[in-house]
Amino acid sequence: MDSLKEDQSDTQAIDNINEDAQNISEKEDTEKDMAPPVGNSIHRSGSRPQLDLSGAAIQGNFEERDPTILLPNQSDDISHLALDIGGSLIKLVYFSRHEDRAVNDKRKMSTKERFGVTNGNRRSFPILGGRLHFVKFETTKINECLEFIHSKQLHRGDNDNAVIKATGGGAYKFADLFKEKLGVVIDKEDEMNCLVSGANFLLKAIRHEAFTHKEGHKEFVQIDHNDMYPYLLVNIGSGVSLIKVDGDGKFQRVSGTNVGGGTYWGLGKLLTKCKSFDELLELSQRGDNSSVDMLVGDIYGGLDYSKIGLSASTIASSFGKVISENKEIEDYRPEDISLSLLRMISYNIGQISYLTALQLGIKRIFFGGFFIRGHAYTMDTISFAIKFWSKGGAEAMFLRHEGFLGALGAFMSYEKHGLDDLMVHQLVERFPMGAPYTGGKIHGPPLGDLNEKISWMEKFVRKGIKITAPVPMASPRTTGLGGFEAPSSKGDALRCDESNLNVGVLHLVPSLEVFPLLADPKTYEPNTIDLADPNELEYWFTVLSEHLPDLVDKAVASEGGTDDARRRGDAFARAFSAHLARLMEEPAAYGKLGLANLLELREECLREFNFFDAYSTIKQRENEASLAVLPDLLMELDSMSEETRLLTLIEGVLAANIFDWGSRACVDLYHKGTIIEIYRMSRKKMQRPWRVDDFDAFKERMGFGDKKPSFRHKRALLFVDNSGADVVLGMLPLARELLRRGTEVVLVGNSLPALNDVTAMELPEIVAEAAKHCDILRGAAEAGGLLMDAMSNPQDNPSEKLSSTPLMVVENGCGSPCIDLRQVSSELAAVAKDADLVILEGMGRALHTNYNARFKCDALKLAMVKNQRLAEKLIKGNIYDCVCRYEPAS
Ligand SMILES: CC(C)(COP(=O)(O)O)[C@@H](O)C(=O)NCCC(=O)O
Ligand SMILES: [Mn+2]
């Protein structure tokens with residue numbers, strides 16, 4: 001009977017009700033009258049570590065004798081816009097800088113100054129943080145494109161530069177129009193050059209860029225940056241170019257074929273009377289090529305020609321069946337003609353590509369160009385051809401930003417912006433809600449400001465139009481080539497869409513770094529739950545959908561419950577549901593999907609609709625309630641022996657981790673008692689052994705073993721989780737114990753709010769309050785520079801303060817309940833260099849992510865499992881079971 005759920009009578013039976021605690025009892029209906037949210041003066045936009053970026057610039061300036069980091073207003077060299085003007089689409093890539101948010105954070109500076117926290121492998125940042133946006137227009141609507149550029153003043157750059165880089169035929173065709181309408185000169189860039197530099201940039205800078213496509217399934221391929229070249233880039237436009245790429249700016253067009261996208265479209269138009277390329281392609285998906293193609297079976301009386309390995313369904317001759325039939329063009333279904341044409345051309349390109357790669361000894365083949373344009377069926381057909389001709393030895397790969405290769409390449413051709421230096425961990429892709437999500441059509445630029453976004457969502461609410469992902473198409477029935485029923489689709493999931501033109505905004509955060517204590521960053525995978533498993537996916541989608549109404553209520557209340565907040569709340573719910581629907585349709589639409597990505601997407605969506613901190617009131621109340629009982633807890637702890645205390649402290653962390661507003665079960669529980677009641681009950685239930693229980697090993701490492709000499713860690717990083725009891729009654733007392741033993745402690749908090757997680761901005765205030773009741777915390781917080789504003793007395797002797805072991809606070813660089821340790825703030829990376837103990841706390845940070853992460857130093861993962869399914873799956877246990885996983889340095 002160690003489930004809290006089974007013991008609710010126990011909760012109600014607690015009669016020793018603390019008055020204060022009862023006053024601050026958490027009840028839904030009291031949430032309307034809320035204090036203004038704490039800390040929302042930071043910033044309200046959606047990028048994750050914007051603060052970090054600013055901090056990095058200031059930090060560098062501050063610490064270095066000869067600073068190399070540029071400040072925001074020093075970035076005159078960045079050019080903002082580049083174009084690829086094709087026959088049907090204009091692709092536009094533009095850069096917007098983060099606003100200048102000079103944060104005069106004396107506390108951080110002081111911490112670093114005193115303890116020499118420097119970033120060992122500091123690099124100078126040739127570019128500043130900002131965002132790369134990808135926008136498309138139909139070429140026929142070039143005026144809309146010009147208006148867009150003008151409205152955003154993208155043609156002016158930073159210093160009124162009047163030159164815009166552009167590639168594609170339209171760079172020539174429309175040069176005069178640009179001059180006339182915008183007063184700018186188009187600087188024409190070679191198309192092939194642009195394609196190659198765009199592809200090189202993407203392969204190096206984006207983690208989930210390249211993928212294979214088989215039977216309707218995307219699978220992302222990890223590209224090793226040190227072993228990328230040579231590769232073959234097959235650009236299928238009207239004609240086909242095969243380009244061998246050997247490095248940056250090093251490439252050669254090695255072959256080509258005149259049978260390409262133009263051939264398909266041209267012949268298709270003649271033979272089917274289709275009006276558009278997309279229509280033709282759509283037709284093919286309902287086609288049966290056996291009515292026009294001569295198959296091996298047609299020649300061999302329905303039999304395979306097994307001696308040479310050809311099955312009866314192999315195409316012996318494209319359109320060959322037509323010869324022997326006395327039919328007119330009208331007698332053939334346009335669908336069948338389109339499919340036959342598509343296969344003929346795709347297989348031919350696949351064959352030429354494979355043979356070329358074979359001849360040149362190239363292992364990797366990437367396909368791109370307008371012929372592909374994200375069409376699932378085309379990709380499947382090409383993949384099948386490559387597999388067939390290589391007898392399974394080679395695979396076709398595609399690029400998620402393929403539609404923007406040329407525009408990106410043109411962007412890269414500006415000198416001095418330094419983008420090509422970017423590393424994978426410095427780019428974060430975000431998917432704001434905007435017009436492109438309406439489906440397979442081009443809808444112009446993404447929605448810019450908040451009002452536009454809300455009214456766009458409202459339009460769909462009012463009209464009752466379901467915002468859907470592009471419509472699923474029926475799969476073709478017959479096959480073309482080879483002995484397998486392939487390329488086949490998974491059910492009806494194959495789509496004809498332009499999803500690969502619906503890419504996200506790339507946030508450039510030069511200050512992000514890989515967490516230096518990861519044992520093996522290359523193999524590190526943050527997500528524990530693999531959403532590639534459809535059952536998992538469905539489960540978590542349901543959990544998040546069901547949580548949505550409650551979250552909207554909290555979010556709206558956090559903004560005062562005004563009409564405007566309600567409007568934004570509705571829009572947020574629509575937007576997030578639309579994202580979920582899109583991902584349900586195509587889980588890999590935004591790159592590889594893990595549970596952490598979903599949880600982060602929810603937070604990003606909230607921020608997109610200006611909800612900065614939905615749980616601010618709850619957090620504040622729980623902090624106050626917990627701080628009120630902290631002195632008693634500390635007294636109780638101090639009366640124990642050191643060994644008992646350590647166990648009680650770990651128990652305390654696990655027990656207090658029950659305060660999680662992201663868990664349905666816990667939220668239900670909160671209605672059954674005050675937080676102090678629940679905390680007490682949770683502590684009472686802490687019987688060992690826990691479901692995962694490495695406490696004894698940890699205790700031994702801490703110097704309580706029989707023979708071991710006493711040992712203390714030099715510096716511990718405590719990744720804290722929730723506000724209230726979790727941090728105040730759980731993690732702070734543990735931090736205090738470490739400090740008492742002489743271990744420096746760094747509290748690592750979120751950069752931005754997520755659920756009821758405590759943020760780095762909020763921590764100093766909490767520590768200051770706690771320090772009022774505790775000398776150890778006070779001395780440490782002073783030594784760590786945390787109490788500078790709150791309590792320090794200028795007459796105090798600074799050297800006295802420094803005699804204490806310091807307690808510091810850093811932000812982690814993210815705004816999610818989970819953490820991807822490949823992308824942390826430079827500040828955290830810097831303090832990590834001297835750390836020899838990492839403590840990860842909470843379900844998000846220690847279970848959903850990082851449960852399997854290995855560290856170069858000792859690591860302790862502490863969490864209460866507040867979800868039945870996760871408990872069963874991960875630890876073969878039950879909800880409210882606990883995890884205390886200790887792993888010595890590896
Ligand atoms: C979002 C969370 C990871 C936060 O947990 P925490 O890190 O605070 O322990 C967790 O609440 C969660 O997985 N919630 C969804 C599952 C559920 O409602 O049961
Ligand atoms: Mn949390």
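## Two packed helices

In this predicted model, helix H10 (residues 277-284) packs against helix H13 (residues 334-360) at an angle of about 95°, and their axes lie 7 Å apart. Helices here are DSSP runs of H or I with at least four residues, numbered from the N terminus, while axes are lines fitted to C-alpha atoms over the stretch in contact, with angles running from 0 to 180 degrees between N-to-C directions. H10 and H13 are therefore roughly perpendicular to each other, a term that covers angles of 65 to 115 degrees.

On the H10 side, Leu280, Leu283 and Ser284 meet Pro334, Glu335, Ser338, Leu339 and Leu342 of H13, where contact requires C-beta atoms, placed from the backbone, within 7 Å. By class, this contact has five nonpolar, two polar and one charged residues; Asp, Glu, Lys and Arg count as charged, Ala, Val, Leu, Ile, Met, Phe, Trp, Tyr, Cys and Pro as nonpolar, and the others, Gly among them, as polar.

## Surroundings of the ligand

Ligand 1 is surrounded by 19 residues, of which Gly662, Gly842, Met843, Gly844 and Asn867 are the closest; a residue is near when its C-beta atom, placed from the backbone, lies within 6 Å. Helix H22 (664-670) and helix H30 (843-848) are the elements that give two or more residues to this shell, and H30 gives the most, with three residues. The shell has seven nonpolar, eight polar and four charged residues.

## Domains

The protein is divided into domain 1 (50-206 + 402-432 + 504-511), domain 2 (210-292 + 332-399) and domain 3 (617-887), with bounds from an automatic or database domain assignment. Taken over C-alpha atoms, the centres of domain 2 and domain 3 are separated by 53 Å.

## Conventions

Residues are numbered from 1 along each chain as its sequence is written, and chains are lettered from A and ligands numbered from 1 in the order in which they are written. Because the model is predicted, local features need pLDDT of at least 70 and side-chain atom pairs count only at pLDDT 80 or more, whereas totals for chains, interfaces and linings use all residues.

Definitions and conventions: Angles under 35 degrees count as roughly parallel, over 145 as roughly antiparallel, 65 to 115 as roughly perpendicular and the rest as oblique. Two residues are in contact if their C-beta atoms, placed from the backbone, lie within 7 Å.
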